[in-house]
Amino acid sequence: MPALSVRGVFKSFGSGAVLADIDLTVAEGEIVSLLGPSGCGKSTLLRVVAGLERADRGTVQIGSRDVSSLPPGARNVAMVFQSLALYPHLTGRQNIALPLRARRLTRLQRMLGPLRLSPSVRSIEREIDGAVDDIAGRLDIQGVIDRVPARLSGGQRQRVAIGRALVRDSRLLLLDEPVSSLDAKVRAQARDEIVQIQRAFGVACVFVTHDQGEALAISDRVAVMLGGRVAQFGTPAEIYRDPVSLAVARFVGTPTINVLDGTADASGRVLAGGFVFDVRLDTTAGQKVSVAVRPENVRIAAGHDDSRPLLRVVRIEDHGHDGLVHLAGRDGGEALLVARAGRALAFRPGDEVRAAISADDALYFSEDGSRLVGLPVSMAAYARG
Ligand code: ADP
Ligand code: MG
């Protein structure tokens, strides 16, 4: 039984559809990312799961319960927003205790304050304190929990926000771009910390991000959302190596995947950018084919092998541990290919080099962007001889 199943969800706000035919499952203890550009519907989907928006059609099931028509409070989900949304005038302890107090005490009891508590209220308060201490211990923030948010570090604030979300024993944690507002270095730390906490609590998690590197780094599975649809749902390796469409291939990976305009010949081989890709695609002669190649799959060959196209180095990016070599046609002009190279500095702008791409390292797409799968008949991109 998955922790979350979303089936056939549609949602529009008046005009066009914001979500169309969304299917998604999250297994117990799994972390699934919703990855897509801004405006593709990630937050709306998360809000539909949380019950903050009602879907026009489709169902949301949490564990064995169909919660489609339940209000947020009855769904037992925990949500953390990008802003963390801690109350600045309350201590960490008071922030974490909020959802428990809201559930267990009446409005009047909460307002009366600690001085005039009845014995029964006092015992509920003690239980809440115990639950907060317990979660603070598990999050390792016992020492700072009585401070207000302004006196906590960013990481501690994040833990308080997650503590507040998890204190009700929710089985599903929803995170909407929780670290997007942070600087790159702190961001990586903060997201790794979230994964550690998620693993430690064993709670199923949906993590929204527009950052493909982040999604690939932390997820068990990634749902790539484009234009209100789940374009692909798979493991990070599947999404990266086996994209179902050119749009997914282009959205994932830095630098962006190389795309060469090509044409199929009568036997289903593809000619593109001076390379011959020796595959057997189910294409007709003359059919347009886009050939997509990750930068790490472009090899720069120093030799004089005439079977490899001669290209010109137009720019070098040295990243220290490796680098990128931007390659154009012999006449220069716009870069045709970017190659990742361990020793990018071995090259200079203006150098003429030969490049090789293995046919089975390339991905082939038809004009409508759908994937063409063929049988590679040799490891070499260029016809031998
Ligand atoms: P994301 O989180 O992927 O950036 P959102 O889910 O926030 O995208 O928004 C998806 C689309 O729905 C956007 O075009 C946005 O303008 C629109 N949208 C979101 N919420 C509302 C709303 N309450 N009313 C009208 N349009 C909305
Ligand atoms: Mg959003």
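Two strands are taken as paired if DSSP finds at least two bridges between them. The views below show a predicted model.

**View 1. An open five-stranded sheet with antiparallel pairing.** The strand order is β16-β20-β17-β18-β19. β16 (298-301) and β19 (332-341) are the edge strands; each has a single partner strand, so one side of each lacks a neighbour in the sheet. From one strand to the next, the twist averages 50°. Within this sheet, β17 (residues 310-318) and β20 (residues 352-357) run antiparallel and are joined by three bridges. Arg312 has Glu352 in β20 as its bridge partner.

**View 2. An open six-stranded sheet with mixed pairing.** Its strands follow the order β6-β7-β8-β3-β9-β10. The edges are formed by β6 (77-80) and β10, and because each has a single partner strand, one side of each is left without a neighbour in the sheet. Direction ignored, neighbouring strands are turned by 20° against each other on average. Helix α1 (residues 42-50) packs on this sheet and touches β3, β6, β7 (172-176), β8 (204-209) and β9. The direction of α1 makes about 150° with that of β7. Helix α5 lies across β6 and β7 and runs at about 160° to β6.

**View 3. Strand β9 and its partners β3 and β10.** Strands of a sheet pair through backbone hydrogen bonds, either parallel or antiparallel. β3 (residues 31-35) and β9 (residues 221-226) run parallel and are joined by four bridges. Ser33 stands opposite Val222 of β9. β9 pairs with β10 (residues 229-234) in the antiparallel sense, over five bridges. Here Ala223 has Phe233 in β10 as its bridge partner. Two residues lie between the strands of the β9 and β10 hairpin, in which Gly227 takes a positive phi near 55°.

**View 4. The salt bridge between Glu30 and Arg221.** The closest N and O atoms of this pair are 2.7 Å apart. Glu30 lies in the loop between β2 (17-26) and β3, whereas Arg221 belongs to strand β9, so the pair ties together parts 191 residues apart in sequence. A search of the whole structure finds 20 salt bridges.

**View 5. Packing of helix α2 on helix α4.** Two packed helices are described by the angle between their axes and the distance between the axes. For α2 (residues 92-104) and α4 (residues 119-138), the angle is about 135° and the axes are 10 Å apart. The two helices are therefore oblique to each other, and the crossing of α2 and α4 is right-handed. From α2, the contact involves Arg93, Ile96, Ala97, Leu100, Arg101 and Arg104. These meet Ile124, Glu125, Glu127, Ile128, Asp129, Ala131, Val132, Asp133 and Ile135 of α4. By class, the residues in the contact of α2 with α4 are eight nonpolar, no polar and seven charged.

**View 6. Packing of helix α5 on helix α6.** The axes of α5 (residues 154-166) and α6 (residues 184-201) come within 11 Å and cross at roughly 30°. An angle under 35 degrees counts as roughly parallel, and α5 and α6 are therefore roughly parallel to each other. The crossing of α5 and α6 is right-handed. Gly155, Gln158, Arg159, Ile162 and Leu166 of α5 make the contact with Ala190, Glu193, Ile194, Ile197 and Phe201 of α6. The residues of this contact divide into six nonpolar, two polar and two charged.

Technical notes:
Residues numbered from 1 in each chain as written. Chains lettered and ligands numbered in written order. Predicted model: local features only at pLDDT ≥ 70, side-chain atom pairs only at ≥ 80, totals over all residues. Heavy atoms only, no water. Axes fitted to C-alpha atoms, helices over the stretch in contact; angles between N-to-C directions. Parallel < 35°, antiparallel > 145°, perpendicular 65-115°, else oblique. Left-handed = near helix turned anticlockwise from the far one by under 90°. Contact = heavy atoms within 4.5 Å. Nonpolar A, V, L, I, M, F, W, Y, C, P; charged D, E, K, R; others polar. Salt bridge = Lys/Arg side-chain N within 4 Å of Asp/Glu carboxyl O.
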